[in-house]
Amino acid sequence: MLIADEFFLIAHNDSRGKAKLHPAATGLGLAGGLLGELILYGHITVLAGQITVIDRRPPADALAHTVLDQLVGEPHHQELRTWLSFLAQSATTSVGERLARAGVLRRQESRRLLRTTVSYLPIDLNAVAWPATRLRALLDRPDPPGVPDALLLGLVVAAGLTREVLWSAGPRAHHRLNVLLPALPAPLKELVGHTEAAVGAAVLRGIP
């Protein structure tokens, strides 16, 4: 499962599909996941807060392809924080739809007071709970997690979801997490740091 998909499930680990986070934090964490996917697959890199496209070939995933096309189409806008904010506006819907297409979630529309809201309900509660359970188990193992999992953990911390992953973990898991994040490759460490800063700023400003 892709980074943003697992982040979505950790952030919506609820039988009603409700988010555990402030909407801005959810969107920014998912935006970080979408950009992280492109870094991991070698399509973009991050240096000094700027995004550079290094491989324009279309990714296999349709949503990743869309995000890369947006980056390529706006070469004058390279600021990582700008792209986090932009992608955050639609990331919950985009990733929710990707999970619905994959058969993990079920899309549900509700109409109230002339307004339609969309939610994404779990088809299998165990499948929705698995990403957080898997990360918790990884932190208790002696071997360090791989880079993709370390990035996911970084985004979990950045968005304020740590409790959802470590709620029953022991001291070793907390220590491993504190050691793991500073050891991320530089572009991913920047991505996590900027995501955390953007989440903090958005929540303080009360952005919905």
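Me: How many bridges join strand 1 to strand 2, and what makes them a pair?

Reply: The model is a predicted one. Strand 1 (residues 44-47) and strand 2 (residues 50-53) are joined by 4 bridges and run antiparallel. Thr45 has Thr52 of strand 2 opposite it.

Me: Which residue in the hairpin of strand 1 and strand 2 takes a positive phi?

Reply: Ala48 does, with a phi near 55°, in a hairpin that has 2 residues between the strands.

Me: Why is Trp130 called partly exposed?

Reply: Trp130, found in helix 5 (residues 125-139), has a relative accessible area of 48%. Buried means under 20% and exposed means over 50%; because 48% lies between these limits, Trp130 is classed as partly exposed. The C-alpha atom of Trp130 is separated by 8.5 Å from that of Ile10, 120 residues apart along the chain.

Me: What makes Thr162 count as polar in the lining of the largest cavity, and how do the lining residues divide?

Reply: The lining consists of Leu139, Leu153, Val156, Val157, Thr162, Val165, Leu166 and Leu177. The lining accordingly divides into 7 nonpolar, 1 polar and no charged residues.

Me: Which helices each supply at least two residues of that lining?

Reply: Helix 6 (147-159) and helix 7 (162-166) do. The cavity has a volume of about 30 Å³.

Note on methods: Residues are numbered from 1 along each chain as its sequence is written. This is a predicted model: local features need pLDDT of at least 70, side-chain atom pairs count only at pLDDT 80 or more; totals for chains, interfaces and linings use all residues. Side-chain values use heavy atoms; hydrogens and water are left out. On a 1 Å grid over the protein atoms alone, a cavity is a set of points where a 1.4 Å probe fits but cannot get out, and a pocket is an open set with protein on both sides within 12 Å along at least five of seven lines; lining residues have an atom within 4 Å of a point. Grid points are joined across faces, edges and corners, and a volume is the space filled by probe spheres set on the points. Ala, Val, Leu, Ile, Met, Phe, Trp, Tyr, Cys and Pro count as nonpolar, Asp, Glu, Lys and Arg as charged, and the others, Gly among them, as polar. Two strands pair if DSSP finds at least two bridges between them. Buried means under 20% relative accessible area, exposed over 50%, partly exposed in between (1.4 Å probe, protein chains only).
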